[in-house]
Amino acid sequence: MRVLALAGRRLAASIPTLFLILIGVFLLLQFAPGDTVDAMMAQMGGGDATTARQLREFYGLDLSLGAQLANYLWRLVRLDLGFSAIYGKPVATVIAERLPATLLLMTAALSLAFFFGLILGVVAARGVNKWQDTLISTLGLVFYAMPTFWFGLMAIIVFAIYLQWLPAGGFEDITVGLTGLARTLDIIRHLVLPTLTLGLFYMAIYLRIMRGSMLEVLNLDFVRTARAKGMDETRVVVRHVLRNALLPMVTLIGLQAGTMLGGSVVVESVFSLPGLGRLAYESVIQRDLNTLLGIVFVSALLVIAVNFIVDLLYARLDPRITAGR
Amino acid sequence: MTPILVLDTVSVKLPEGADRSHAMSDVTLSVAANEILCVVGESGSGKSMTANAIMRLLPGGVAIDGGRILFEGRDLAGVSEAEMRKVRGAGIAMIFQEPMTALNPLRTIGDQIAEMFEIHTDLSKREIATRVLALLEEVRIPDPALAIKAYPHELSGGQRQRAMIAMALALDPRVLIADEPTTALDVTTQAQILELIRDLQKRKGTAVLFITHDFGVVAEIADRVAVMSQGRVVEQGVASAVLENPQHAYTRQLIAAVPPLKAPPPRPLGTEPILTIDHVSKTYRTGGFLGRGQRVTHAVKDVSLVLPKGGTLGIVGESGSGKSTLARCLVRLIDPESGEIRLNGRDLACLTREEMRAETRHIQMVFQDPFASLNPRRKAGELVAQGLIVHGTARSEALARAKELFALVGLDPAATDRYPHEFSGGQRQRIGLARALALEPDVLVADEPVSALDVSVQAQVLKLLAELRQRLGLSIVFITHDLRVAAQVCDLVAVMKSGEMVEAGPIGEVFGNPQHAYTQALLASIPGRDFGLRRQAEVA
């Protein structure tokens, strides 16, 4: 009940956020020179002013700014993302084609970062200032300091070109047309390097946070109580320290979901994955306002969804958080 | 009686660079079944270290380097860590000072008590649940069935401490170590918890090692007493003998520093009021959306008081009684909702922020925590001079004045260049006093100025306060939860409960012949009350 009430409040609070983001992006793009029609004309190899005017009329670009915005928002309310002039398809279809790759990449990278960040953080904290700690902390620093694109390129050189273990890019092998389990395995093979590239950076952050919060919690009074009960160290860590130490890390995941989406642009470009990040980049270049706004809408939904889940998780982890206060 | 737990010349070494080489040196103690041994001492005396050494839960770098700790004839200093874990909780259990932080905030009370059985026994889940319920009933927690499912933050301090006791006694340990278990509690709750511990100890025949700094508590529950100072046991014996007829000079000094409960004869006071508190109220509202589901807390409710010139007005009460809120209202750190606060005839409550800043010259505050209330990054002298500088004194002149103030509060004037962490607790509170006195206020509002201090330091600060009051003609509003302290420094006293003032008057009358039921309960709860009164008779 407590968690449900909290969920309701958080959902209600996210609606205004969503609209603010959309309006902000819409206005921002109006400041950029040129519009979809300019980009299309450039692709067509030029055309006269009459065609341009007709096209603008067709896409509703001749209306006033307010009217365009109102039109857009009204369509959004009906869950209609509009039509992409560049791709010649509804925006929803374009995004739906690209979403799975990004979702898969993000989930995999986040899980990797969370899981190994947690384990390594705990190991480092248990052996603080011993060799395990030094090794893990140094590794963490290396992953954190290395630029993602460079790490990706090096991974391609070593594992795809030199060792030829894994494919260098793409989402799946389109030349053979695999189905079922074989296709799944193929996709997994393609995603190993991108996941590592994106995930290791975040793992470095999580492991540092986890190590720090573990050390802090290990010094708290209730840990001494647990030891005074006659518990062994492993049990103390698992039953009393871990959950308390997880709280800051869970907060961080919510905050970084958005950053991760941004980071996936680089990774998708390096590994030529057909994902949302690359689509966004292409839409900006082509002034495909409808697609871009669609992407922003979907990304915002994604970030809000992640934060929502994190909030619920947090409330589940920490009984002190209530909906009322 | 054969002792269950014997400490035989135990020494505990501190890491290099500590203020002394040993936290404990040659400590010899023993506790027998059905006996309460109180270990008394001031902070840093090694009394908590004794508890940790017995449990072998010493912090990193600290180690036992001599002597034997015999529990049922076995030397705990020598057994393996796995053996030691079997003793912890089952053979020797422990209760800690802070019931707030000593329980895991993320797990239910029932779960945490059940853990005791899970670690040390093979009982089934259902059996454990029955035992936990029985334990909670035994420690007289209200509504035990609900308490099992409650998280620590949902219980009051007293209830949490009861849960801790239930946890410690789960496996009927032979020895119970209680490390200042009532220090963080209100006086009425403290009385209940002490009674509970003594009651359970009597029934189960447990040997109790009770660590405290409070001689009142000692007088209340101890069978025998060991006094510690600088890591050594300086005196040990039957409680009544040590309390009535202390042999060691240090014990004598400690006991003399405990303020007697009876107020000294009243001082003549003028009738001219300097500060009038007239129907002051402050309400907090939390939560709620557009007024729905809002929770209203009356922190201060229609309080009226008068402080005569040169007098000291004590405001006493338990935590949550609104005494600190009232103090903050007086200096406008909090804006009162209604009512007037007249200082020298001027109503402070209706001043603008700007006017109030000018008026702070006349009314200054001293805070409770001498560790937290001084900015650690600024020199002590600057902290004292800051008020003067803000009010327009030249910097060099203000710093010179700070040196004079240091001398006034009994600190070395050369110490103005030092940082707050270089001073002891008592010295820091003197800095706090110097800071408040820098602007030569008419009224000093002191919010629990001595409650964070050791008893001997407390006595010094109180003496200083009395001297300053005499010399500077100060009027003081003195907020405290400690009725002994109030009895010593206050001319007038007001007792607060849940934001309301229940009784007020000259201290001798209120404490000697309390009218309100709450005041009576409060006075009756003071630990070692008889001890205080007996001592009064000796002094007189």
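The model is predicted. The contact takes 20 residues from chain A and 25 residues from chain B. In chain B, helix α6 is largely enclosed by the rest of the structure, because 10 of its 12 residues are buried.

**Annotated spans of chain A**
- An unreviewed UniProt entry marks residues 12–32, 103–129, 141–167, 187–207, 245–271 and 291–315 of chain A as "transmembrane region".
- Residues 12–32 of chain A are 95% helix and 0% strand, and their end C-alpha atoms lie 32 Å apart.
- Residues 141–167 of chain A are 74% helix and 0% strand, with end C-alpha atoms 28 Å apart.

**Contact between the chains**
- Chain A brings 20 residues to the contact, and chain B brings 25 residues.
- On the side of chain A that touches chain B, α9 (221–228) and α10 (233–270) each supply at least two residues.
- The largest share of that side, 6 residues, comes from α9(A).
- By type, the residues on that side of chain A are 6 nonpolar, 5 polar and 9 charged.

**Domains of chain B**
- Chain B is divided into domain 1 (1–91 + 174–256), domain 2 (98–170) and domain 3 (274–539).
- The centres of domain 2 and domain 3 of chain B, taken over C-alpha atoms, are separated by 38 Å.

**Helix α6 of chain B**
- Helix α6 (residues 157–168) of chain B has 12 residues and should span 16 Å at 1.5 Å a residue, which agrees with the 16 Å between its end C-alpha atoms.
- Among the buried residues of α6(B) are R160(B), R162(B), I165(B) and M167(B).
- The elements covering the buried residues of α6(B) include α3 (109–120), α4 (125–138) and α7 (187–204) of chain B.

Key. Residues numbered from 1 in each chain as written. Chains lettered and ligands numbered in written order. Predicted model: local features only at pLDDT ≥ 70, side-chain atom pairs only at ≥ 80, totals over all residues. UniProt positions renumbered as here; feature names shortened; annotations may be inferred. Helix = DSSP H or I, 4+ residues; strand = E, 2+ residues; numbered from the N terminus. Domains from an automatic or database assignment. Contact = placed C-beta atoms within 7 Å. Nonpolar A, V, L, I, M, F, W, Y, C, P; charged D, E, K, R; others polar. Expected span 1.5 Å × (residues − 1). Buried ≥ 20, exposed ≤ 12 C-beta atoms within 10 Å, placed from the backbone.
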